[in-house]
Amino acid sequence: ALQEYYEENHIEKSRLGFIIVVKNLIFTHDAEDMSMARYGYSFIAEGSGAQYATGAMASTQNWAPFDRIRNAVNVSIQYSPSCAGNVDVLRSDKCT
């Protein structure tokens with residue numbers, strides 16, 4: 001289904017990856033090779049600022065989930081020279 005979606009919408013897959021959370025299970029998806037893997041910990045970070053985000057999440061385990069996510073990305077933007085941009089967090093209650 002994902003492969004068809006990418007093709008129908010002309011999505012460049014070589015630079016596309018997702019972190020997907022369903023019922024407290026974390027998965028990573030790489031669109032280039034269409035792989036999906038389950039992650040065994042309660043949080044994950046990907047990309048050039050992953051080390052900063054991981055540290056931020058490890059130190060804020062008692063925070064509300066959306067506050068933790070937003071803080072982790074903002075810490076990465078602040079300390080990693082290759083991170084920049086706005087923070088967008090998407091959520092769907094249909095998957096809970």
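Is tyrosine 52 buried, exposed or partly exposed, and what is its relative accessible area? In this predicted model, tyrosine 52 comes out as partly exposed, with a relative accessible area of 37%.

Let's stay with the aromatic rings for a moment. A search of the whole structure turns up 3 aromatic pairs. One of them joins tyrosine 5 and tyrosine 6: the planes sit at 65° and the centres are 6.2 Å apart, so this pair counts as edge-to-face. Another brings together tyrosine 52 and tyrosine 79, with centres 6.1 Å apart and planes at 25°, so that pair is stacked.

| Residue | Relative accessible area | Class |
|---|---|---|
| Leucine 2 | 36% | partly exposed |
| Tyrosine 5 | 45% | partly exposed |
| Tyrosine 6 | 2% | buried |
| Tyrosine 52 | 37% | partly exposed |
| Tyrosine 79 | 48% | partly exposed |

That leucine is part of helix α1, which covers residues 2-8. Together with Met34 and Met36, Leu2 makes a nonpolar patch on the surface, and the three share about 240 Å² of accessible area.

Now for the inside. The largest nonpolar core is built from 8 residues, among them Phe43, Met57 and Val75. Helices α2 (50-58) and α3 (65-79) each supply at least two of its residues, and α2 gives the most, with 4. As for phenylalanine 43, leaving aside residues up to four places away in sequence, it touches Ile26, Thr54, Met57, Ala58, Gln61 and Arg68.

Notes:
Residues numbered from 1 in each chain as written. Predicted model: local features only at pLDDT ≥ 70, side-chain atom pairs only at ≥ 80, totals over all residues. Heavy atoms only, no water. Core = buried A, V, L, I, M, F, W, Y, C linked by side-chain atoms within 4.5 Å. Buried < 20%, exposed > 50% of the residue type's maximum accessible area, 1.4 Å probe, protein only. Contact = heavy atoms within 4.5 Å. Patch = residues over 30% accessible without salt bridge, like charges linked within 9 Å, V, L, I, M, F, W, Y side chains within 5 Å. Areas by Shrake-Rupley, 256 points an atom, 1.4 Å probe, with all protein chains shown as cover. Salt bridge = Lys/Arg side-chain N within 4 Å of Asp/Glu carboxyl O. Phe/Tyr/Trp six-rings, centres within 6.5 Å; stacked < 30°, edge-to-face > 60°.
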